[in-house]
Amino acid sequence: MSQTHRIDGGLLDRSRALRFTFNGTSLEGYAGDTLASALIANGVKLVGRSFKYHRPRGIFTAGSEEPNALVTLRRDGHGEPNTRATVTELFDGLVASSQNHRGPLRYDLMAVNDYLAPFLSAGFYYKTFMWPKAFWEKLYEPVIRSSAGLGRLSGKADPDIYDKGFLHCDILIIGAGPAGLCAALSAARSGARVILADEDFRFGGRLNTETMAVAGTSGADWAQQAVAELASMDNVRLMPRTTIYGAYDHGIYGALERRTDHLAESAGKPRQVLWRIYSKRAILCAGATERSIAFGNNDRPGIMLAGSVRAYANRWAALPGKRIAVFTNNDDGWRTASDLAAHGADIAAIVDTRDRAPLEAPAGATVAMGAYVTDTKGRHGLKSITLSNGTTIECDCLAVSGGWSPNVHLTCHQRDKPQWRDDIAGFVPGPDLPVGMRVAGAANGALTLAAALREGHEQAHAAAEELGFKPASIALPAAEDEAVETSAFFHVKADGPRAWIDLQNDVTAKDVKLSHQEGFRSVEHLKRYTTLGMATDQGKTANLLGLSVMAECNGRSIPETGTTIFRPPYTPVAIGALAGRSRGKAFRPTRLTTSHKSAEERDAVFVEAGQWLRAQWFPEKGETHWRESVDREAVRVRESVGICDVTTLGKIDIQGRDAAEFLNRVYSNGFAKLPVGKVRYGLMLREDGMVMDDGTTARLGENHFVMTTTTANAVSVFRHLEFCRQCLWPGLDVHLISATEQWAQFAVAGPHSRDLLRKVVDPEFDLSNEAFPFMACGEVTVFDGTPSRLFRISFSGELAYEIAVPARYGDAMIRALMDVGEEFGVVPYGTEALSVLRIEKGHPVANELCGQTTARDLGLERMVSKKKDCIGNTLSERSHLNREDGLALMGFAPVMRNEHLSAGAHFTSRDKPATTENDEGWMTSVAYSPTLGHSIGLGFIARGRDRVGEIVQAADPLRGKTIEVRIVSPHFVDPEGERQRA
Amino acid sequence: MPRLAPSSPLNGFRQEFDRLEITEITDLALVSIASPQGREAELASAVSGAYGIALPPVGSSVEADAGEPRFLGLQPGQCFALFERQDEGPVDIIARKLSDAGYYTDQSDSWAVLRVSGTRCREALERICPLDLHPQTFVTGAVARTVMEHLGVIIFRDGEDSFLLLSARSSAPSFLHAVVTSAKNIQ
């Protein structure tokens, strides 16, 4: 089969023949073709099977509104189901296959559904598959799912890459037809920054598909000239192959640019880019979509929208039929007939529902006025049509024009309600457009060419003026106002064969009536009950027909019946495009400490802590279980010295004359009298009295503090402090800036930590216990002059320090610390050993500071100073938070020492069943204590402090484990704190 | 023990693309300067006395004489001084000039600094930067805080076709990946 239906002319590059395959058959087209136009040129009529009844279907339109010609493009992971052949730009090597059939397309086994149609009406599965209930999930749904639907996913990862981006303009022009091009010229000549976007790969819209002249030349040529002028201007960005799919707040539009879909290979470049366009003004020039007329068997291959038949002939030099009939309710259908006749097609008939012929019919055409088509014949392709006057006319293509519906979609994305216009029998944009939007041309109901050009110019002129640009005075290109009179005729009311309304979802006029009969009368209910207007085309060619039938059933007008809500996206957007480059590791940033590289070299196992990657433990040779590594690290710290990177803790630099007063207000305990050179543990409450965070704050100078926060709350505490500073106490002189990234900070912990640091800190700094006692801090230098901050604080309970150097020295510092520590057998330790040590010591972390616990629960009630006010002070006094039987943080040890505790277990009395009613608290943190040789835990339990020594059950139904535990002090190791003060 | 050797967040990364170059800048010092409440005029006059310039409003920057800092206006009551790194501590350099007229915090090690330059730099930045970088909107010398690929970024236009991007040191590899991906994606 060669291009049997190809004619002369068209906007094709015939020097570039392109080979492609459809269902394995090799075919040829030209550069400039779409897949649909190339199929038509090759005489292919049957391109797919319908959704429900598996009826044979052909190409119906020439644009993104296509309901039928959905194909699977490309292969394997690159395969994309439900691609509209009508907007698929042909490329050499394109591979397409039809969808939704079992066996060959021509002999689909599932076509049996068509004979079962009486049982498959709207909502049939709600009625048919009700019983037995258990069958639904296991049998009915899988069967329905496998027999319905369109294309299939490959099930493989999408190998293409996608990107996103941001664009800015003064005036965004959506659609590059006559109105859009005219608007773009006017806007651009005024000096405004303009973006002109169109879903087509060739700008011009209807100028490319029709034959009317503009400014004395062909429409297509005028469009080319306009595009050339725009392309030469610095202030214009032309975006072909770009669909503006959504109108969002404040003039922001979503755009999908298809960058490599028209190429055989993406060559490692993004296939599509999802743009967010910030516009000051937008002019919607989206044109109009032709609609069909519902009549008996109106879905056969060869029955197409009239304007599309015309477009295939004019733009793509492909005639969908040799003998074509036209069925119309408006003047535009007649122009189709004359255009086709000019291309040499045999016009079999013009059937007009109206009484008076508006234009002259091509020679030889039968003209039937006041008539309509009632039935058609031809299973795999149209053979004949039957008219209401009884005549049968042989034809292989029927061009149907039911009038034009303005593409108001984007005007409705902010809930504008479209308004009905009788003269065009269609909805036009209402009064509540998205901010900054104007509408021009056919989208605004201006269906004639001259009016479209004029409106485009006028709207751009007005928009440019509003933005303070001086609009250029330009002469409007001359064009005619063609005849466009129409009538409100939507469906042929006859008791004949099924009349299709929504081709994509197989919804018939009868289904709409059934919906009404069964009480689903609102348009939104109609949509959900019948699926009218759903799926990839969102009913672009069907909605108005459905509304008209529903209106008739309701006995109301179409505007009274209303439209369903238009929502983004205007046309389908691939999930891959929405994800952009946020795939795999690129989903979110990763934060690394300065010791990361060194830890990697030591084969550390890392754990995610928010965005941070922290070393969890450092396995040594021969260690086969994580516990071996962690136990060793914890023991080394208790016996000698270990080093842990604690850079991830939030560090906030606080300066100002009122810094001390500020801290006094945000911390529950006092900070005003903290001497310079000292660190204090601080507890921060939320306004509701619950504990928010804790940490240490060091006073580096009279007006200078540095606060640390937990890793998890670094950002939220900073935000909270900024709120306090700016909104609660704007009168205080206090300034905050994050210093988390500035300093690489290491905990050096263990009885040998001072010995180690003496080899690090320059000798002029005295580290003796007298000169630098527990909770001292100061600025020192290390390794011959590198500035550093030293804090004597301890999370592990051992003699310990934290030493910070500017981050640029972090990598060198960890290596140097390990080197000089070698003589003490220093170990690096990770977050697991850190956790073991702090649980042994009874220090709370996020597990305990969970947002639902108070200072009293934590045993820190004395830290809520009553000598001063602070955030949360008052509400912490609420009686419910101070009940006698309130929770207390306690330690827990298994009665059977070889048993392991589990975090999350709930406590109940030994004599009561483990039920919610008997719940007395929960285990927050557990660890194996190498120091004690058994599992230990921290947790909250009611009246805990009065119950030391009591045995309770720790029930963990999630893991199916209940064990007996003894309530003990939360301080398992060195409760007096002698080690850290040594 | 030998002295500690500094390392830069991105190991001095540099890569050229078509009319586009991405370079890590490693020799800068950065100090935040906050103006004490009620003493804003003192800071302003200290700056003007020391450098002969007025502090820039938020969103813009002003450069003192060659070799002296450029001040970036970042938020009300706060600016950053950006200058070439010297042996002396960054805060000490500023404090020597401005005495105690402001509160100073060293930020030199908090940020990884990338210069994205070349005639296609805006095209690459379009993929990650939500701000309008048109030369009439974001003029040479303009500065802003924004977010790119979930990361906080300070962007400063230091030339017609050149931008400095400052992002947190710890996430610098992720940030670099985002910028390099943008460069690759437009090639």
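This is a predicted model: local features need pLDDT of at least 70, side-chain atom pairs count only at pLDDT 80 or more; totals for chains, interfaces and linings use all residues.
Chain A folds into 23 helices and 50 strands. Its radius of gyration is 38 Å, well over the 30 Å that the globule rule gives for 982 residues, so chain A is more spread out than a compact globule. Along the principal axes, the C-alpha atoms of chain A occupy a box of roughly 115 × 70 × 55 Å. Of the 982 residues, 55% count as buried. Among contacts in chain A with a separation of 6 or more, 66% join residues 24 or more positions apart.

Turning to annotation, an unreviewed UniProt entry lists residues 497-581 of chain A as "domain: SoxA A3". This stretch is 45% helix and 6% strand, and the C-alpha atoms at its ends are 50 Å apart.

Two packed helices are described by the angle between their axes and the distance between the axes. For helix α5 (residues 178-189) and helix α10 (residues 449-466) of chain A, the axes come within 7 Å and cross at roughly 35°. The crossing of α5(A) with α10(A) is right-handed. On the α5(A) side, the contact is made by Pro178(A), Ala179(A), Gly180(A), Cys182(A), Ala183(A), Ser186(A) and Ala187(A). The residues contributed by α10(A) include Leu449(A), Ala452(A), Leu453(A), Glu455(A), Gly456(A) and His457(A), as well as Ala460(A), Ala463(A) and Ala464(A). Taken together, the residues of this contact comprise eleven nonpolar, six polar and one charged.

How values were computed:
Residues are numbered from 1 along each chain as its sequence is written. Chains are lettered from A and ligands numbered from 1 in the order in which they are written. Helices (H or I, at least four residues) and strands (E, at least two) are DSSP runs, numbered from the N terminus. The radius of gyration is taken over C-alpha atoms; the globule rule is 2.2 Å times the number of residues to the power 0.38. A residue is buried if 20 or more other C-beta atoms lie within 10 Å of its own, exposed if 12 or fewer, and partly exposed in between; C-beta atoms are placed from the backbone. Two residues are in contact if their C-beta atoms, placed from the backbone, lie within 7 Å. UniProt positions are given in the numbering used here, feature names are shortened, and annotations may be inferred rather than shown by experiment. Axes are lines fitted to C-alpha atoms, for helices over the stretch in contact, and angles run from 0 to 180 degrees between N-to-C directions. A crossing is left-handed if the near helix is turned anticlockwise from the far one by less than a right angle, and right-handed if clockwise. Ala, Val, Leu, Ile, Met, Phe, Trp, Tyr, Cys and Pro count as nonpolar, Asp, Glu, Lys and Arg as charged, and the others, Gly among them, as polar.
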